[in-house]
Each structure stands twice: as structure tokens, then as C-alpha cells.
Amino acid sequence: MTNTWLIYALGGGWGHLNRALALGRIAAKNRKVTIITNSPYALKINHENCIVKYISEQTGFSVTCQQVREIILNTQCDRLIIDTFPRGLGGELADILPQLQAIPRILIHRDINPDYVNAKNLRSFVAQNYDTVIVSGEGQDLPLADLPNVQHTAPWLIRNCEELPDRMSVRSHIFKVNPDIKTILVCAAGNASELSFFAQLTLRLQQNFPQYAVRILAANCPADIPETLWISHHPGIECLAAADIVVGGAGYNTVYECVAVGVPLVAFAFQRLYDRQAKRANQVYRVRSLRETIATVRTLLNKLEMTNNFSKPSYINGAVQAAHHIQSY
């Protein structure tokens with residue numbers, strides 16, 4: 001049997017791809033790792049020694065499903081790892097998983113809408129078609145977290161704490177700001193359609209806090225944003241760790257990366273078809289409007305001015321835990 005892991009990571013934003021790379025780069029030290037993704041961000045980043053099979057997000061639904069099936073059925077692997085969607089994002093895995101009984105099949109379970117779980121009878125499907133389920137740091141109350149073959153890890157991060165670059169160096173060379181000036185970083189890591197909202201937010205923050213440095217982290221420079229305010233850098237955790245305050249969405253990566261590096265996150269809970277950002281936003285400073293964002297950032301800045309404490313991040317990376325579990329399975 002070939003020493004290869006195949007990771008299914010379909011989903012249009014950063015989340016699925018980043019989780020796959022977080023796991024894949026650990027596994028790729030000892031084996032071949034192939035990732036299937038349709039995230040447009042795959043074209044802009046380092047693949048961390050993984051092989052990426054990219055299916056364009058412009059590809060139609062039925063063609064995408066067929067390409068996924070062909071890749072899985074024609075790739076020799078000794079681990080098949082599916083992120084978030086047990087039946088596949090479009091249900092395309094439902095009839096081929098039973099054909100792969102000889103290969104250990106691992107489901108990566110992060111929070112997901114219980115209505116979807118019930119509508120697709122996923123509890124029964126997962127019990128029949130997956131050898132193990134790994135909960136990637138989202139706790140005990142997930143819809144499938146009580147299945148008997150579940151393993152829990154800390155949140156998955158694409159960098160271990162000892163790999164993070166020097167904070168002051170990031171501020172000087174990537175943010176291009178005086179390292180001693182407090183920095184507010186807008187993390188535009190959600191759907192591409194939300195980029196204009198984050199751009200407006202960046203300009204409002206700059207207007208309200210002219211004495212601080214404001215930057216926007218995004219794959220593409222938004223319209224109407226001066227390029228001097230724009231940062232394009234992956235992995236984003238290296239930038240989040242260098243900021244004083246982060247403003248963004250309540251997606252998996254943004255929340256758990258900020259929690260890990262100890263930087264306060266002011267977060268909007270965006271509507272998603274499957275993800276429950278409102279639930280995850282309870283861990284950070286949730287806001288619902290631009291006005292509330294400005295007020296919350298001001299309060300946090302006042303606290304930072306009084307304490308001015310910074311400690312080097314220290315955390316456990318659940319992707320390392322997961323790689324060890326998958327290998328030993």
C-alpha cells in the first residue's frame with residue numbers, strides 16, 4: 001500500500017483549505033499528501049509540501065462532483081480524510097465511501113448546523129462509513145461529538161507556536177509600521193463577497209483611530225483601499241500574532257488563531273449555510289454593526305494602553321495531535 005494521505009477539503013473560503021494544510025504539512029514530513037480543494041485561495045499560497053488538486057470554483061456542480069469522485073477512486077492512498085462534510089459538499093461521496101472499506105476513512109468534525117445533520121441522517125451515515133471521527137477543537141456539544149469512535153484534539157493551526165516569526169519583525173517588514181505603534185488588523189478571510197464590507201470597515205477604523213496603524217489582511221487588495229494599508233500574507237496567523245487587535249469574522253481559523261496567540265478578536269458572525277459563526281463568536285468580542293465595532297475597539301485600545309502587556313504565544317496545535325492519531329489508526 002502506498003504511503004499516501006488523501007484529504008478532501010472542498011469549501012469556498014479559507015477554512016477547509018487551511019485545516020487541510022495544517023494537517024497535511026505535518027503528515028508530509030513522512031509521506032505524500034494530496035489535498036482536493038475548490039478554494040480560489042489555493043492559487044495564491046504556498047502548499048506546504050502538499051500536492052493540491054484544484055477544481056475551479058467556476059466549475060459547475062455536477063462536473064465538480066464527478067471530478068472529486070474520479071480523483072478519490074483513482075488515487076491510491078492508505079488514509080482518506082474528509083473535512084466537515086461526511087457525504088461530500090454535494091453528496092458526491094455517499095455512494096463511493098462504501099466501496100473504500102479497505103482504506104481507513106477519517107472524518108474531521110468541526111461545528112456544523114444540526115439541521116443539516118438531521119436532514120441527511122448523518123449520524124447513521126458516519127457510523128457506517130467512517131472508522132474514526134476527529135473533533136478539531138470545537139468541544140463536546142457538536143452534533144456528532146458523542147459517537148463512540150470520536151477523538152478530540154485542540155484547534156488545528158497552520159503554525160506551531162515556536163514557528164511564529166518575531167512579532168516586531170512582522171510589524172516592521174510586513175505591516176510596514178513603527179513596531180511601537182498599536183496596530184489594528186482587519187482580517188478579510190471570509191467569502192470574497194464580503195471584501196467590500198471589510199474595506200469599508202478598514203477605512204472607518206483609520207478615520208476613528210488616526211494615531212494607530214490600521215491594516216487589512218486580504219488575498220486581494222480591495223477597491224478604494226490604498227495599497228499601503230493592504231497586506232497579502234499566508235499563513236495569516238503570523239500576522240494575527242503581530243497585531244494588537246484583530247477585527248474579522250467568526251470563522252474557524254480567525255477565532256482559534258486569535259485565541260491561540262492571545263490577541264483580542266472583534267468579530268462579526270456571518271450567515272453560512274452549514275457553519276454556525278454566531279455560536280463560535282461567543283468566545284470573542286461579538287459585534288453587529290460598524291458603530292459597535294468602533295466602540296469595542298476603542299474600549300480594547302484603552303485597556304491595552306493601561307496594561308501594555310505582551311507575552312509570547314504558547315499553545316498546543318491540534319493538527320499535530322490529529323496527525324499522530326491518524327497515523328496510529
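L23 touches W5, I7, I81, W156, A319, A322, A323 and I326, leaving aside residues up to four places away in sequence; contact means heavy atoms within 4.5 Å. The model is predicted: local features need pLDDT of at least 70, side-chain atom pairs count only at pLDDT 80 or more, and totals for chains, interfaces and linings use all residues. Residues are numbered from 1 along each chain as its sequence is written, and side-chain values use heavy atoms, without hydrogens and water.

L23, W156 and F175 have the most contacts inside the largest nonpolar core, which has 61 residues. Such a core is a set of buried Ala, Val, Leu, Ile, Met, Phe, Trp, Tyr and Cys residues joined through side-chain atoms within 4.5 Å. Buried means under 20% relative accessible area (1.4 Å probe, protein chains only). Helix α1 (residues 15-27) gives the largest share of this core, 7 residues. Another core lies apart from it, with 33 residues, including L10, V68, F125 and L147.

Helices (H or I, at least four residues) and strands (E, at least two) are DSSP runs, numbered from the N terminus. Seven strands, the 7 of an open sheet, follow the order β3-β2-β1-β4-β5-β6-β7, with parallel pairing. Pairing requires at least two DSSP bridges between two strands. β3 (51-54) and β7 (150-153) stand at the edges with a single partner strand each, so one side of each lacks a neighbour in the sheet. Strand β2 (residues 32-37) runs parallel to β3, joined by 4 bridges. T37 stands opposite Y54 in β3.

Helix α2 (residues 61-74) packs on the sheet and touches β1 (4-8), β2, β3 and β4 (79-83).

Note on methods: Axes fitted to C-alpha atoms, helices over the stretch in contact; angles between N-to-C directions. Buried < 20%, exposed > 50% of the residue type's maximum accessible area, 1.4 Å probe, protein only.
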